[in-house]
Amino acid sequence: MSKIVTLGSIGIDHVYSVEHFTTAGETMVGRTHDIFPGGKGLNQSIAAAKAGAEVVHVGSIGDDGKSSLNALRIADVDVEDVRVGEDATGHAMIQVDDAGQNAIVVYGGANRALTENDREAAFNRLEEGDWLLLQNEINGIDEVLQRASEQNALVAFNVAPVDGSERDYDYRNVDLLIVNEVEAALLAGIENPGDAFDHLVATYPKMVVVLTLGREGGICGGNGHPKIAYEAHDVQAVDETAAGDSFIGFFMAEWVRSQDLAAALADGSAAGALAVTKHGAASSIPTREEVAAFKSQSSN
């Protein structure tokens with residue numbers, strides 16, 4: 001079976017439980033402080049591996065990131081090409097409020113110091129039919145997309161977080177685009193999510209677009225696939241951190257396995273719903289068995 005090669009971030013998440021998000025000039029006492037492995041790349045790699053996919057992760061950490069690297073190993077992710085360099089490991093400061101919503105500040109660190117050798121390592125691991133999975137937490141995305149075009153590599157790109165750099169990328173080299181409503185609006189220049197989705201599909205006819213809308217579900221289609229709207233599951237959220245990453249990892253695993261959009265969306269939606277019922281990022285990602293049981297229960 002084809003595998004997923006993630007060229008992506010590895011981080012450390014500092015999570016603070018708060019009554020509400022801090023505002024300008026406000027100092028707030030965090031009720032709890034937890035430290036978890038994090039980074040969108042790490043989370044998505046772990047989620048895809050938990051969903052049963054073969055996953056290779058390529059990236060960079062500092063000496064302070066060994067626990068995050070170990071989290072990838074525990075999930076059976078191949079980390080042979082993760083480089084330990086001089087830059088500090090990337091990290092995030094995450095506030096989680098009483099409604100389970102989060103506010104996040106990300107520091108790139110080693111994730112923004114990837115070298116040409118790191119990018120070369122990722123492409124060297126790709127074989128025919130494999131997917132290169134990217135997020136917007138690393139440097140050199142434009143070079144990666146150009147190389148992917150030259151090598152005819154299959155590329156899945158989660159354009160998160162948006163920071164302005166996303167406006168300059170060549171999306172003609174992306175086969176699967178995964179965005180939320182904010183990211184879709186910025187890429188399409190259209191505020192309405194449905195119209196933004198239609199614009200992206202029309203602009204890039206060879207691309208499958210997945211637009212996630214949180215508690216409103218989402219839309220998917222493009223490249224000959226009919227437009228599908230899916231609903232979100234109704235669960236009690238305690239922490240939304242890594243919900244999107246859980247969705248993407250499980251979606252990618254099924255997409256690589258079957259090329260069945262409906263099945264991939266079902267797995268991704270269930271995984272994302274389960275993730276918000278637990279605290280933390282990587283620690284909240286469900287297992288394949290948990291997702292299967294949840295889907296079975298939801299269909300009854």
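A residue is called buried when its relative accessible area is under 20%, and I would like to begin there, because that cut-off is needed for much of what follows. Please keep in mind that the structure above is a predicted model.

Let us take Phe-157, whose relative accessible area is 0%, so this residue is buried. Tyr-171, at 5% relative accessibility, also counts as buried. What do Phe-157 and Tyr-171 form? In this model there are seven aromatic pairs, and Phe-157 and Tyr-171 form one that is stacked, with 6.2 Å from centre to centre and 15° between the planes. Phe-157 belongs to strand E9, residues 154-158, while Tyr-171 lies in the loop between E9 and strand E10, residues 176-180, so the pair ties together parts that are 14 residues apart in sequence. If you look around these two rings, you will find that ring pairs link Phe-157, Tyr-169, Tyr-171 and Tyr-204 into a cluster.

Now please turn to helix H7, which covers residues 243-258 and holds both Phe-251 and Trp-255. Why are the rings of Phe-251 and Trp-255 described as a stacked pair? Planes under 30 degrees apart count as stacked, and here the centres are 6.2 Å apart with the planes at 25°, so the pair of Phe-251 and Trp-255 is stacked. An α-helix has 3.6 residues a turn, so residues three or four places apart point the same way. Phe-251 and Trp-255 are four residues apart in H7, and therefore about one helical turn separates them. Both Phe-251 and Trp-255 are buried.

A ring can also have a charge over it, and at Phe-123 the charged end of Arg-147 sits over the ring, 4.7 Å from the ring centre.

Let me come back to burial, this time in helix H1, residues 40-50, which is mostly covered, with ten of its eleven residues buried. The buried residues of H1 include Lys-40, Asn-43 and Gln-44, as well as Leu-42 and Ile-46. Just after H1 comes Gly-52, which takes a positive phi of about 105°.

My last stop is the second largest pocket, which has a volume of about 170 Å³. Which kinds of residue make up the lining of this pocket? The lining divides into four nonpolar, three polar and three charged residues. Among the residues that line the pocket are Ala-148, Leu-154 and Val-174, together with Ser-149 and Asn-152, and also Arg-172, Asp-175 and Lys-206.

How values were computed. Residues numbered from 1 in each chain as written. Predicted model: local features only at pLDDT ≥ 70, side-chain atom pairs only at ≥ 80, totals over all residues. Heavy atoms only, no water. Phe/Tyr/Trp six-rings, centres within 6.5 Å; stacked < 30°, edge-to-face > 60°. Helix = DSSP H or I, 4+ residues; strand = E, 2+ residues; numbered from the N terminus. Buried < 20%, exposed > 50% of the residue type's maximum accessible area, 1.4 Å probe, protein only. Lys NZ or Arg CZ within 6 Å of the ring centre and 35° of its normal. 1 Å grid on protein atoms, 1.4 Å probe; cavity = no way out; pocket = protein on both sides within 12 Å on 5 of 7 lines; lining within 4 Å. Points joined across faces, edges and corners; volume = space filled by probe spheres on them. Nonpolar A, V, L, I, M, F, W, Y, C, P; charged D, E, K, R; others polar.
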